[in-house]
Amino acid sequence: CREKLLDWFRSLTWFDPTVELVQDNPCLTELISSVLALPEPSPSILSFTLQLAGILAASENRFQHLQQEKLLGRLFGQEGPRGRAVWEDASVRSGWVKGVHSMVHHQPALHFLCSGGGMDVIFALQGDPSLFVASAASQLLVHMLTFSVESETSKPLSPKDCEWPACAQMIKKHVEDSLQSGSASHIEQSLKLLISLFGSCYAAWTEVLWSDIAKQIESFLMEETLQAQHMLANLLLNVARSPVFCDTEGSFWALVTSALEHLTPVQACPLAVGLLKLCKCPQDVRIQALTVLLQPMDCILRAASQPLEYAGLLDESVSDPVTVESLLSSKTSCAGLLCQTLAHLEKLLSLKHLRVDLPCVSLLRSLMAILQFCNGLLSPASPLGTTISRNLINCFRVQKSALDVLAALSEKKGCDTLIGSLFDVLLAYLESPNTSPTVLKKAFQATSKWLVRLQELSCSNSQCQQTEKILEDVFVVLQKRLCSPCWEVRDSSLEFLTAMIKCLKDQDGFRQCLLSSEVPRLTENLLEDPESYVRASAVTAVGHLAFVTYFAPEPPVAGNQYNKESTVAKLQEILSTDSEGFPRRAVISIFTKWLREGCTAQLEDTEQFVSRVIQTVEHDLDWEVRLGGLELVEVFCSQTICQLGLSECPYAPVSSAVTSSTPQNELLRVFCRAKLFGFLFRSLCDCDKPVGQRACDILIGLRGNFYPVSTLENPQEIEDSPAGRGIAWLQRTLRQGSLAQNFPTDGGNGVDFQDPESMMVALGAIDLLELHDELNKSSDHVEESPQSLLQDILATMGTIEENEVDCY
């Protein structure tokens with residue numbers, strides 16, 4: 001309640017900065033005075049009071065008023081809580097910092113703090129045992145420094161003429177003294193402040209500040225004993241990102257280069273990858289950053305290969321290779337370094353424009369070596385290789401990371417010569433009983449990506465034979481995995497099958513391998529799996545299999561092996577009877593996909609199909625299934641409109657000049673026969689807002705095909721007609737929204753949802769735009785209102801009469 005009350009005061013004072021708010025409501029100052037008068041105030045109430053006072057004092061007029069009342073000194077000055085026992089409570093210190101942060105938006109507040117000893121308190125709170133308080137204090141200093149410089153300086157600061165304002169000078173001196181103090185905690189506090197400052201403030205004066213501390217930062221890079229070195233990388237990266245340093249002379253970039261050389265590989269990696277994403281980074285620094293990032297991969301490659309078999313990734317190293325080798329030789333650091341490197345490489349490979357060339361072939365060799373080290377399939381060629389192999393054996397974390405990068409590499413050119421060896425590695429993972437379910441999922445994902453790449457290359461006969469052999473091996477493995485006792489494995493196998501069909505269903509070789517295997521039969525069997533996730537994945541896989549078995553231009557001739565009626569019946573049974581939501585969502589999604597692709601006409605009359613599905617869906621307890629039903633309706637509507645020539649594209653309104661009554665009447669009849677309108681209007685009152693929003697969007701789109709904007713019905717004119725009374729009732733019911741529990745299911749109250757004439761009147765008369773606005777209102781307008789706040793307060797106090805009166 002107190003947090004909500006503070007939020008309300010923030011918004012109130014934001015829109016009304018005048019002193020009248022405090023003068024006209026003396027209860028505010030009385031509350032502050034009464035809390036200060038308590039000998040031992042509750043820490044939470046005192047924290048609330050400090051924050052409230054800070055919010056009120058954010059306006060200069062109200063600040064002066066509270067000063068005249070002698071309240072601010074007793075809250076934030078020397079006579080305030082900071083010298084009392086209650087200060088030991090972190091919530092009080094937090095409230096003090098937050099109150100000061102709210103208050104410092106004008107000069108008098110800044111001078112009040114600087115003259116009353118407040119700055120020393122904030123400096124001390126930077127090292128507070130509560131991380132929340134320490135972080136808030138650091139953020140407050142950044143705010144005060146920025147505000148002081150930008151509000152008190154009449155002309156821009158420059159290195160030659162740096163007259164810092166008093167408050168800014170205090171903070172700057174504190175930062176410089178801390179950096180030179182030799183105290184690890186003080187150095188770390190100032191580095192955190194600088195990281196935040198350079199990450200959020202891009203004013204020209206930050207260059208002046210940097211010029212004063214750059215030498216000290218450089219000296220830290222040489223101190224191997226400094227514990228805060230990991231923070232130097234973050235600081236340098238934030239400075240590099242600032243546009244102020246875009247055209248800076250070489251001194252800054254020389255410092256960055258020095259950091260890449262002297263920081264440990266674990267510390268330098270985030271700096272290197274950040275630099276590679278920058279547009280303005282000099283090319284020589286960018287190449288050096290890439291070298292730092294690739295060093296662990298280079299080390300792996302050299303440890304795995306026979307002497308002179310092939311070169312490593314790098315011509316030369318930025319830092320001593322022995323450092324990386326020692327990290328990879330250690331059981332505790334090997335996996336961590338590789339996972340960090342691989343995660344960064346995956347991010348870089350996902351970038352569309354990378355300004356350096358990655359050595360993709362060597363990188364792929366290194367990844368294959370890592371994966372073979374992890375499953376014990378590589379005989380190390382060096383003592384270092386033996387050690388790394390021991391460290392990585394069955395390391396799931398590294399396996400998953402390496403497979404992610406492997407998948408990303410499938411989109412890069414030039415790796416084709418290694419594709420045979422690569423599939424040997426992937427198949428080894430797919431076949432091995434030691435592959436964990438999570439690693440297997442990643443292996444499937446990488447395999448599907450590389451199978452697509454393989455199909456793109458399958459031109460020559462030799463390549464075709466290789467592709468056919470790989471596909472056969474993949475389907476043999478898949479058959480076994482679909483029968484796994486582990487549900488995660490069955491689920492991943494089905495997802496892999498779906499991914500392959502999506503990408504390769506038009507390839508003859510793939511279709512032949514698929515249909516000659518047991519995979520389709522096993523997939524259909526999994527529609528009855530005891531695990532709901534697996535059933536859902538099986539539904540999706542069967543739905544996509546249909547594009548190969550039932551809906552292909554030349555469906556396979558295989559007797560009664562593929563019975564489409566039986567499959568559709570199974571899916572409809574799942575939609576109506578499955579106890580879990582996931583399989584039902586999957587069915588409605590597949591039915592919508594079939595409809596969108598124009599395949600349902602091969603099953604039965606599309607109108608009947610849609611009608612049957614939505615009658616099942618509208619009673620579903622899962623709102624996502626109902627939302628899926630609306631998506632199905634939307635596709636059906638747009639297709640029907642196009643077929644009747646009413647629109648070239650879905651939901652394009654028809655101009656009155658080209659409107660033909662015959663297609664419109666037919667359109668209405670089709671929608672009424674399919675029972676769409678009952679479903680749509682009932683969905684407007686759905687207790688889950690996304691369902692109502694989607695239904696309203698569809699109805700507004702449909703109305704555009706029947707009514708040009710200028711010819712909407714006047715509700716008063718239709719009230720007296722037989723249909724009109726029902727429509728008026730419908731309008732009133734819809735305004736109740738999800739409270740409309742008595743919504744008719746059988747055309748009660750005079751509304752016939754299957755009567756084209758009534759529905760034409762309803763579309764023209766009901767204010768769908770008003771409903772649309774109501775449905776799209778955020779719940780915030782209720783939950784953040786003063787009334788909601790008062791209800792919360794009453795609920796926490798109990799609703800006895802005297803409290804109710806006092807509260808209101």
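Arg 10 is partly exposed, with a relative accessible area of 34%; this class lies between buried (under 20% relative accessible area) and exposed (over 50%), as computed with a 1.4 Å probe on protein chains only. The structure is a predicted model, in which local features need pLDDT of at least 70, side-chain atom pairs count only at pLDDT 80 or more, and totals for chains, interfaces and linings use all residues. Residues are numbered from 1 along each chain as its sequence is written, and side-chain values use heavy atoms, with hydrogens and water left out.

Arg 10 forms a salt bridge with Asp 7, that is, a side-chain nitrogen of Lys or Arg lies within 4 Å of a carboxyl oxygen of Asp or Glu. By this rule the count comes to 29 salt bridges. Three of them are listed below.

| Pair | Closest N to O distance |
|---|---|
| Asp 7 and Arg 10 | 2.8 Å |
| Glu 495 and Lys 441 | 2.6 Å |

Asp 7 and Arg 10 are three residues apart in helix α1 (residues 2–15), about one helical turn. Helices are DSSP runs (H or I, at least four residues), numbered from the N terminus. An α-helix has 3.6 residues a turn, so residues three or four places apart point the same way. Arg 669 and Glu 666 are likewise three residues apart, in helix α34 (residues 661–673). Both residues belong to a network of salt bridges that also links Glu 607 and Arg 673.

Glu 495 forms a salt bridge with Lys 441. Because Glu 495 lies in helix α26 and Lys 441 in helix α24, this pair ties together parts that are 54 residues apart in sequence.

Terms used. Helix = DSSP H or I, 4+ residues; strand = E, 2+ residues; numbered from the N terminus.
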